[in-house]
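Hello,

Here is the structure I promised to pass on to you. Have a look at it first, and then read on for what turned up.

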Amino acid sequence: MSEVALPLNAPVSTNAGSGMAAPARILVIDDESGIRESLEVLLTLEGYSVRMAVDGVEGLRMIDAENYDLVLLDLALPGQSGIELLPQIKERQPELPVIMITAYGTVDNVVEAIRAGAENFVQKPWDNEKLLADIRSAVARHHAEEENLHLKRTLKQRYNFANIVGKSEPMLKIFDLVAQVAPSRSTVLIQGESGTGKELIAKALHANSPRRDKPFVPVNTGAMPSELLESTLFGHVKGAFTSAIASKKGLFEVANGGTLFLDEIATMGFDTQAKILRVLQDKRFMHLGGVQEIQVDVRIIAATNIDLRQAVRDGKFREDLFYRLNVIMVELPPLRSRREDIPLLVQHFLDYYTNENGMPPRKLSADALRALVDYDWPGNVRELENSIERGVVLSSGPVIGADLLPGHITGRSFQDALLDHNPNASLFDILEVIERRIIIEKLERCNWNQTDAAEQFRIPLSTLNQKIKRLNIEIRKKGRE
């Protein structure tokens, strides 16, 4: 796989309508001609398109007339100050990043500017490399936000693809395939690693089908033993087994007219596979313990995180059922093979979790975003989502730094992080912090499923629960597929 570069060093702006790349546009608002000329030379040499304004009135007029990717705003302007001008800029373009420039910055100035929505605060005389780094970071985040918004609008116009984010070639092909397949009655098999979003694709298929107003019923076939699974899927009559004290409908009946999503279908036993095959062939089944056939109209979408063809070759899955399911296959790429989607996904999850937690907007620092793009994501989009949720919840300011990301992502050792805060920590303290963070990160990778985490640790569930209690680990809700 060829690695995709993070757009932190490429001062380009994407025209959302045409897809054509153009130099990022920067507006400099400063009354000093020497400052304007210096910035124009510096930024033009970096490949930016630069415009100049001498005061707030001219600056606002230019913002009303054209779109910009960044504003460099002097604090001390004639007429109205930069602090007074900043809210007017934000009123016109709330997402437009603004970096304040001043010769006499104070703590009060900085706090007031950040509260008013400034991206950053640079003091004269500035360091060129630091200023350029701040500009690249701000422009990159602005582009990610714009692309994410444009992508959501485009997909909403074309199809109902709620919560699916991506602009990479593999994802665009999947969007087109889903849009083409959704209106049909065909069975669909979704294959992809854990955390790639298989249930989201299944929901998109349902939402864009004629069945959209009927039930979408998901069932994790790997989460229950075969007898319970069959009772759940097909229902049972009273007395069918010891605990069957009353008759009960199965999920095939609940999903009648709609879609039944069978997740982790490779874990089904052969007896259950045979019964699923019969429903696919005849659209009929019987309750457990029953004698009357029941006819249903259900579209089946199945998903697996293993190679089902290989499972057939290994004798672990019925060949006839595989061919019945595999009318249309949607193969979801792992996140590591579509790294260009990571900035969009990051922005999507930042928006979601700040809103869910009633928090002000958050953004990632440049080094944090770089670490996320460079990481290989064995847990795919779900692991990225958990990492962003964690960063949002733990953040106390507008910028989420790399220190708030899990250590295995940034490559930062647990000991270093601990000693930064407590250089006199004992060995016991260090080991306890390491154990706590390892358990939290394993739980995050397992979508906060303690049973799965205990199995991967190869320890009894009771032992893991004792550690969770001793280390005061708060169990979070499970993430979205």
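**The parallel sheet**

Strand β3 (residues 25-29) and strand β4 pair in the parallel sense, and five bridges join them. At one of these positions, Ile-29 has Ala-53 in β4 as its bridge partner. Please keep in mind throughout that this is a predicted model.

The β3-β4 pair belongs to an open sheet of five strands, ordered β4-β3-β5-β6-β7, with parallel pairing. Which strands stand at the edges? They are β4 (49-53) and β7 (120-123); each has a single partner strand, so one side of each is left without a neighbour in the sheet. On average, neighbouring strands here are turned by 20° against each other, with direction ignored. As a reminder, strands of a sheet pair through backbone hydrogen bonds, either parallel or antiparallel.

Helix α1 (residues 33-45) lies across four of these strands, namely β3, β4, β5 (70-74) and β6 (98-102). Its direction is at about 170° to β4, and an angle over 145° counts as roughly antiparallel.

The peptide bond from Lys-124 to Pro-125 is cis, with omega near -10°. Pro-125 sits in the loop that runs between β7 and α5 (128-158).

**Helices against helices**

Two packed helices are described by the angle between their axes and the distance between the axes. For helix α6 (residues 169-181) and helix α7 (residues 198-207), the axes come within 8 Å and cross at roughly 40°. The crossing of α6 and α7 is right-handed. On the α6 side the contact is made by Ile-174, Val-178 and Val-181, and on the α7 side by Ile-201, Ala-204 and Leu-205. By type, the residues of this contact are six nonpolar, no polar and no charged.

**Two positive phi values**

Trp-448 has phi near 60°, and its place is the loop between α18 (427-445) and α19 (450-457). Arg-458 also has a positive phi, of about 60°, and is found in the loop between α19 and α20 (461-470).

Is each of them buried or exposed? Trp-448 has 4% relative accessibility and therefore counts as buried, the cut-off being under 20%. Arg-458, at 78% relative accessibility, counts as exposed, because the cut-off there is over 50%.

**The chain as a whole**

To place these details, the secondary structure of the chain comes to 20 helices and 16 strands. Of its 481 residues, 49% are buried. Among contacts between residues at least 6 apart in sequence, 69% join residues at least 24 apart.

Note on methods:
Residues are numbered from 1 along each chain as its sequence is written. This is a predicted model: local features need pLDDT of at least 70, side-chain atom pairs count only at pLDDT 80 or more; totals for chains, interfaces and linings use all residues. Side-chain values use heavy atoms; hydrogens and water are left out. Axes are lines fitted to C-alpha atoms, for helices over the stretch in contact, and angles run from 0 to 180 degrees between N-to-C directions. Helices (H or I, at least four residues) and strands (E, at least two) are DSSP runs, numbered from the N terminus. A crossing is left-handed if the near helix is turned anticlockwise from the far one by less than a right angle, and right-handed if clockwise. Contact means heavy atoms within 4.5 Å. Ala, Val, Leu, Ile, Met, Phe, Trp, Tyr, Cys and Pro count as nonpolar, Asp, Glu, Lys and Arg as charged, and the others, Gly among them, as polar. Two strands pair if DSSP finds at least two bridges between them. Buried means under 20% relative accessible area, exposed over 50%, partly exposed in between (1.4 Å probe, protein chains only).
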